[in-house]
Amino acid sequence: MLLAGLRERLTGVLVVECRGEGLERLINAAHTRGIVLWDIRRVSPTAALFKMAAVDFRRLRPVIRRRGIKLKIRRKRGLPFVIQRLKKRKGILLGAAAGAAVIYALSSFVWFIDVQGNNKLSAQQVLEAARTLGLERGVWRSQVDPASIARRLKEKLPQTAWVGVSQQGTRVLIKIVEKVERPPAKPGKGDLVAAGTGLVTDVLVLKGTSQVKEGQMVKKGQSLIAAGGLPAAQGFVRARVWYTGTGEAKLKDEGVKPTGNTSTGLRIKIGAKVIILTNKKSPFALYTEEVSAKSLPQWRNIRIPVELITVRYREMTHFQTEMSREEALQAAESKAKEDLERKLPQGAKIVKQQLKPVPVKDHNLVRVDIDVETQEEIAVHRES
Amino acid sequence: MVLKKLQANLGSALDIPQDVLQDIPKITLVGNLEVWIENHTGLIEYTAEKVRVNTSLGLLTVSGSDFILVQLLPTEIKLEGKLQQIRFGEE
């Protein structure tokens, strides 16, 4: 019926009032001529309203001619009549066309230029640079070539590592990634001092006076080569340094760990209201949950207060492990190695290494220490 | 007549609805709000309180109030309103 209604709207429908006797005969006569009447409604014993297709109205005339029935069109509906009315009132049509033309014309200019990602550079600087490249408010949209402007903008602004220009309707978005500026390596000043505690093995003085001898223990911060009157001491001091890495392992261990099964629940948050879509509760008995929210991108000052919230349930299970003494020792050793790895500075050369289990009071615990001796450069400038 | 009877017998033997085989009117009611009359042979009277339709079984009278002829097709009538009574034959 929806489709039939559509067809009627396109071809035009008349609501006709008919006055006189013999409505039934009119209906039957119209019917035999293939004129369809519908929604026939008696309003009084001698009057009725009905609907018909506009194109059939002319054909109804001969039917009523000899019957003493008067027809009167009450309402006209449908596209043909709308067009007719518009033809009579050209002003409306003209206004609508003019409005559309104005909107179209206005939409072919750049109205907004936004700058994103600038920290040190001010938006003003970026806009100024863009202006010299022919991108400013009120510029013809088709004249803006985002790729070339992005490239030339990057050349203009040496502080940037990357510039992207994109057009979104009447808005141009300039995205900037600024260069991360590293402070230039400052030349050292003053004395060379020990970076850590160790036993000095080699001293090589290039500039300055040696303060330590080979075979001497030095503490962190102790002066190794004095600058004297020179701006900076130079030289190398090599020393033996000791590190210890420790690791522990339990013979019997228990706790919870994830099984790998997960399930997600979706919620929509509108303002302060939360609508739960799926999985109100976790399907698992033992679980951890992680909540993340996604909101719509903010545009200018308009923020749509709708968020999609995803709750991720991770199934957990109790576990219990038992290890033999040897396995525990191995686990402790690998942990000790990791610990040591963290403590060793870069460039340290391991000279000696010793592994030793450490007795502990707790019978459930195994502990392993790794002692290493390294050979490394320990002379650094006090100020750097 | 013989053919008609044969048709009717065959129809009931094969469980085919009578209205398909013969020109018997099929009347469908939707509560007391709507009535469909299929296989009619002409509209005789239409007022807001009474509708009379010709069928192969004679006159069919529908009475009630606020009747609207929603659809009028060669063999089908759809009537809306408050139905009270449907009967075959004259009152």
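What share of the contacts in chain B with a separation of 6 or more comes from residues 24 or more positions apart? In this predicted model, such pairs account for 31% of those contacts.

## Chain B

Let's stay with chain B for a moment. Its secondary structure consists of 2 helices and 6 strands.

Chain B has 91 residues, and 20% of them count as buried.

## Chain A

Now to the partner. Chain A holds 8 helices and 20 strands. It is 384 residues long, with buried residues making up 15%.

If you take the contacts in chain A between residues at least 6 apart, 69% of them join residues at least 24 apart.

## Where the chains meet

The two chains touch each other through 12 residues of chain B and 12 residues of chain A. On the chain B side, two elements each give two or more residues to this contact: β3 (42–46) and β5 (58–73). By residue type, the side of chain B that touches chain A divides into 8 nonpolar, 3 polar and 1 charged.

## A strand pairing across the chains

Strand β5 of chain B also takes part in a pairing with chain A. Its partner is strand β2 of chain A, residues 37–44, and the two run in the antiparallel sense, joined over 2 bridges.

Definitions and conventions. Residues are numbered from 1 along each chain as its sequence is written. Chains are lettered from A and ligands numbered from 1 in the order in which they are written. This is a predicted model: local features need pLDDT of at least 70, side-chain atom pairs count only at pLDDT 80 or more; totals for chains, interfaces and linings use all residues. Two residues are in contact if their C-beta atoms, placed from the backbone, lie within 7 Å. Helices (H or I, at least four residues) and strands (E, at least two) are DSSP runs, numbered from the N terminus. Ala, Val, Leu, Ile, Met, Phe, Trp, Tyr, Cys and Pro count as nonpolar, Asp, Glu, Lys and Arg as charged, and the others, Gly among them, as polar. Two strands pair if DSSP finds at least two bridges between them. A residue is buried if 20 or more other C-beta atoms lie within 10 Å of its own, exposed if 12 or fewer, and partly exposed in between; C-beta atoms are placed from the backbone.
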